[in-house]
Structure formats: structure tokens, C-alpha cells
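Subject: Structure handover

Hello,

The structure is below, for your files. My notes on packing and ring contacts follow it.

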Amino acid sequence: MKTELEYISLPPQECLSHLIESIWMVRNHSEESVEAIVLPDGKIDLFLFLDQKGQFEIFISGICNEPILKQPFPKSVMFAISFYPTAAEYVFKRSFADSLNQKIILPPGFMEFCREDMQDFDAFYKKACRTIQSVLTGPIDNRKILLFDLVNRSKGEIKVEAIASETGWNSRGINRYFRKWLGITLKSYIDIIKFCNSLKQLKKGNFYPELNYADQSHFIRAVKKFSGSKPNILRKNDNDRFIQLTTLSDE
């Protein structure tokens, strides 16, 4: 049975585009208690969650390098801000290295977000943009902006050496940065982004790699590593279990 997910995603204001990938909402209209799986996407996510009993929660999820099982959430709504990894340093000002694949429960009122914000997604979007702008205290290192731009524009089809050359930032320094703030290496991050960019072809049932995997076996191993399932299981997506596949555009 389908979980009847309603999904809205908006890009951030232009001035925040180096920090935020999207601001989005998922509303589950179903009463079915079906477990869901969140796949790695290389983002840091801040969530506001309201369940069918009216219980409210704010939490944050750092970078994930494995699939995360979510408990059933029937008749619920979630607002979220998906940040690029630079937000660890420039927005949250804390390392996520010790919370890999984990969620961190935050107190109500964190960044002035509250239950009332969930009454109107458009109002939440505007408040989110204002709030993130207000916590920024200085310019972002251009090397970091360029690094994440290179990885995302290439869909993960880029080598560590090429990034070091383009940014003028040696690979040892880059990996120190990644381990300090995110708990993974640059190579691991690139692999996550490449996997994430393969989801659309998997949804269409194309199991031969379109990106630069060595061969089909390598591609299938990467899919299993980051999703916990074989490509044909992702393609079926029974009960809309894989949230990103359900919300992924067919275009």
C-alpha cells in the first residue's frame, strides 16, 4: 500500500545557495504504519516533525554513509532544511564527526523554531531563510564553496586529485577538514554524491551504470553499500519505503 506522501521542495534564496540545497516538506496522509528508509545524500538535515498525536520534535541529522531506518510516521508532517556540509562550520558551528548516521534531538526553540511554524510551509520557508542569514558571522572560505560545487556539478564524477588542483587545497588538508567536521573522507563523500545521482536511473529500472563506475558489478556493490538493497528492490520501492525514490521527480 502506498504511504500517500505529499512532497514540496523549494530552493533557498540565492544568497544562501552555497549553504542550503533545499527547504522542503513531507506530509504523510496515510494511516498505515510502514517503516521507511532514508538513503545517504551528502546533506546535513534540520527537521521539524509533528506526529498524529500532536507531539513535536526538532532534530538534526549529520552526514550518513549507510541507509537509515525510520520508524513508522502515519498522519504526520515534517518540515526540513537540507544543508550542504559547509553548514557544520558556518551555521551550526559544531562537528558532526561523532554523530555519523545518527540524529541529534534538539530543544524546542532551537534557532527560534517551534511547533507553530508547522502551520504554514510558506511562512516556515521565509523564516528559515531569515534565521540562517542571521546566524552567519563571516564569509565562507571560497575553497570550500568551490569544492562542493565541483563535486555536485560533476555528479560525483571527479577525482580527489582534480579537486585539490582546482581549489588549490591539498588533499591532506581537505581530508583533515572532512574528518574534523563530518567524520568521513572526501572520497567517501564523492561516492555518496555519485550514488545519490544514480537514484533516478534506478527508479526508471536502468541497472547499468550511467556514471563512471568501473563496471556493472562495481555499481551494484555501491548501491548495496549505500541502500542496503539490490537495485531491483529499490526499483520496486514497495510501500514507498525508500523516501528519496518516492519524492524523486520522474523528469
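A residue counts as buried under 20% relative accessible area, as exposed over 50% and as partly exposed in between, with a 1.4 Å probe and protein chains only. This is a predicted model, in which local features need pLDDT of at least 70 and side-chain atom pairs count only at pLDDT 80 or more, while totals for chains, interfaces and linings use all residues. Residues are numbered from 1 along each chain as its sequence is written, and side-chain values use heavy atoms, with hydrogens and water left out.

Aromatic rings

Rings of Phe, Tyr and Trp (its six-membered ring) pair if their centres lie within 6.5 Å; planes under 30 degrees apart are stacked, over 60 edge-to-face, and the rest tilted. The structure holds 16 aromatic pairs. One of them is the tilted pair of Phe148 and Phe178, at 5.7 Å centre to centre and 40 degrees between the planes. This pair links distant parts of the chain, with Phe148 in helix α3 (residues 142-153) and Phe178 in helix α5 (residues 171-181), 30 residues apart. Helices (H or I, at least four residues) and strands (E, at least two) are DSSP runs, numbered from the N terminus. Phe178 has a relative accessible area of 0% and is therefore buried; Phe148, at 4%, is buried as well.

The charged end of Lys194 sits over the ring of Tyr213, 4.3 Å from its centre. For this, NZ of Lys or CZ of Arg must be within 6 Å of the ring centre and within 35 degrees of the ring normal. Arg94 lies over the face of Phe96 in this way, at 4.7 Å from the ring centre.

Helix packing

Helix α6 (residues 186-196) packs against helix α8 (residues 216-227) at about 100 degrees, with the axes 10 Å apart. The two are therefore roughly perpendicular (65 to 115 degrees; under 35 is roughly parallel, over 145 roughly antiparallel, the rest oblique). Axes are lines fitted to C-alpha atoms, for helices over the stretch in contact, and angles run from 0 to 180 degrees between N-to-C directions. Asp191, Ile192 and Phe195 of α6 meet Ala222, Val223, Phe226 and Ser227 of α8, where contact means heavy atoms within 4.5 Å.

Regards
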